[in-house]
Amino acid sequence: MGDNQDFQLAKIDHVELLSSQSGTLYQSRELTDVTFIVEKTKFTAHRVILAARSEYFRALLFGGMREANPGIEIEVADASSIAFDALLRYIYTGKMFLAEYREEIVMELLGLAHKYGFLALESAIQGYLKAILDVKNVCLIFDMASLYQLKDLYETCLEFLDANAIEVIASESFSMLSRTSLIDIIKRDSFCAPEVQIFRAVSDWIEVNKDSKEEDIESVLQCVRLTQISLHELFHTVRPTKLYSADAILDSIKIKTESRVSEMNFRGHLVKDENIATSSYGTDVIEGEKRDGLLDNESLNYDLDRGFSRHLIADGDKGICIALGRPSIINTIRMLLWDRDLRSYSYYIEVSIDNQDWVTVIDYSKYLCRSWQILHFAPRVVRYIRIIGTYNSVNKVFHLVHFECMYSTGSFKLSDNGIIVPSDNVAVPTASASVIEGVSRSWNALLNGETKCYDWNSGYTCHQVGSGSIVVQLAQPYFIGSMRLLLWDCDDRCYSYYIEVSTDRQHWTKVVDKSNEQCRAWQHLEFKPLPMTFIRIVGTHNTANEVFHCVHFECPSTISNTENCNEITEKLEIGRGGRYLINIDYFNCYPFLPSSPL
């Protein structure tokens, strides 16, 4: 008999039988020793079973509470008989079919599961409620999620409310919200409906809840954005209700007429982690040449003549402008600069709600950038996005192959001047980094992540000491304060070097100076963080010959100093004898190298 068959025979699973017999015990009412009275209906049960299934019932029935005496009757005032019966059946059988109950009973069961500590049941009911969310029930479900602090259900309700804001505020259930829930909903920028409709819904809520405290009413009214209501509606819809003083209305008019549009508190639609710069969302390119291909999700088929949009780099040029289909909240832009050669670009990005008043969210006009750009900024409500190129290292035209924008829920950190502070290594080809100076047998060997397979012949990048350097170009400026590199270490040689960084390849800042030290193997380097696009590694000495060799480079460093020391120790313990071969053909490829190995 096979092992698998032996295992199956050894396994006994009578869970269904146990559930059935326990359910029969509940129905028979035999040997019961506690009675619950719910809506004048008596439910008998077994204390030991209740205590085994719930810490709450254990404390209630066997603790020091007054109900600990056997045969006691306990009155339950906060439940219906239908819901309590369903809960007891679940306690005995572990089963419940939610679809056979009305929504209000299901939500009552959620409250009972929360009260009595049935976490698995609570989670299952949350999942069911998320599946049946609609305009009629979302407000009631949201109130419960808020009351019981059910974060997952709470967030799901908010997303539904945002996506169906106009329909929700028109529903009767909106007036039944608690004050806290109402404020949580309408204070959000992403609860996007015409402000005058939100005001009318709030006015209806106040009428239904007119016995609320004055300060509670005021806290709700403060969430309505009067500056987003037209003058006509302010005078003919808001003013007659007398919910706002004349001064409050005049103040909002003053802000509307005297403030910049970009300073106004707009609402916008929120779509998480999805590119909204597509025709399916009504987005269109309204400025720039060759507009057709920019939003077509094609980022591979482009060359010197096709597959990109462009504009002339000149004073007064409007750049490339994208109009979103509706006001939207975004915090991320992803775009591809034309990169079929090693040219670099500079640019800045502005956003607007009305195509007139613009705010700069990205300013890389003083930085050299290339290929893919991943850009983050503080969330903003925008309708128009304008990319304006200010420099091309080859000619006077700015070329853009692909554009995306979205609201990203991923975590990111920005420096005070808005430059990304990366937590992962950005000196990798997948982040569009490249080696633009230095000699190697394979392209980007320095950045490919390979730190094991190198020898006398390959797997490193080098330059002649006293002439040249190794230069890495990042795709865009990053705010970086650490680096890590692996010096070639197949024998006992040592190197000296220094590292400079730049954002324009003209002005360099030295961040690491090891020119008077003897260094070998892994180098973990930390310094005061600063923006950088180019990293120049300059070898000044090699104890074996006149060539500087580097196997691997990364920034920021992905490991700590302690981890780095452990890696070096492990490397030394492995030893180097007999692992590496000499390939004489290598020296014919690079004649400036000495005639001995490396």
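## Burial of helix H8

In this predicted model, the buried residues of H8 are Val 138, Cys 139, Ile 141, Phe 142, Asp 143, Met 144 and Ala 145. Because seven of the ten residues of H8 are buried, the helix is largely enclosed by the rest of the structure.

The elements against which these buried residues pack are helix H6 (103–116), helix H7 (119–131), H9, helix H10 (165–169) and helix H11 (179–186). Just after H8, Gln 149 takes a positive phi of about 55 degrees.

## Packing of H8 with H9

The axes of helix H8 (residues 138–147) and helix H9 (residues 151–163) come within 9 Å of each other, crossing at roughly 150 degrees. Since angles over 145 degrees count as roughly antiparallel, that crossing makes H8 roughly antiparallel to H9. The crossing in which H8 passes H9 is left-handed.

On the H8 side, the contact is made by Val 138, Ile 141, Phe 142, Ala 145 and Ser 146, while H9 contributes Leu 153, Tyr 154, Cys 157, Leu 158, Phe 160 and Leu 161. Sorted by class, the contact of H8 with H9 has ten nonpolar residues, one polar residue and no charged residues.

## Nonpolar cores

The largest nonpolar core has 78 residues, of which Phe 36, Phe 174 and Ile 186 touch the most other members. Leaving aside neighbours within four places in sequence, Phe 174 is in contact with Cys 139, Val 168, Ile 169, Leu 182, Ile 186, Phe 191, Ala 201 and Trp 205. Apart from this core lies another, of 44 residues, among them Ala 433, Tyr 497, Ile 499 and Ala 521.

Technical notes
Residues numbered from 1 in each chain as written. Predicted model: local features only at pLDDT ≥ 70, side-chain atom pairs only at ≥ 80, totals over all residues. Heavy atoms only, no water. Axes fitted to C-alpha atoms, helices over the stretch in contact; angles between N-to-C directions. Helix = DSSP H or I, 4+ residues; strand = E, 2+ residues; numbered from the N terminus. Parallel < 35°, antiparallel > 145°, perpendicular 65-115°, else oblique. Left-handed = near helix turned anticlockwise from the far one by under 90°. Contact = heavy atoms within 4.5 Å. Nonpolar A, V, L, I, M, F, W, Y, C, P; charged D, E, K, R; others polar. Core = buried A, V, L, I, M, F, W, Y, C linked by side-chain atoms within 4.5 Å. Buried < 20%, exposed > 50% of the residue type's maximum accessible area, 1.4 Å probe, protein only.
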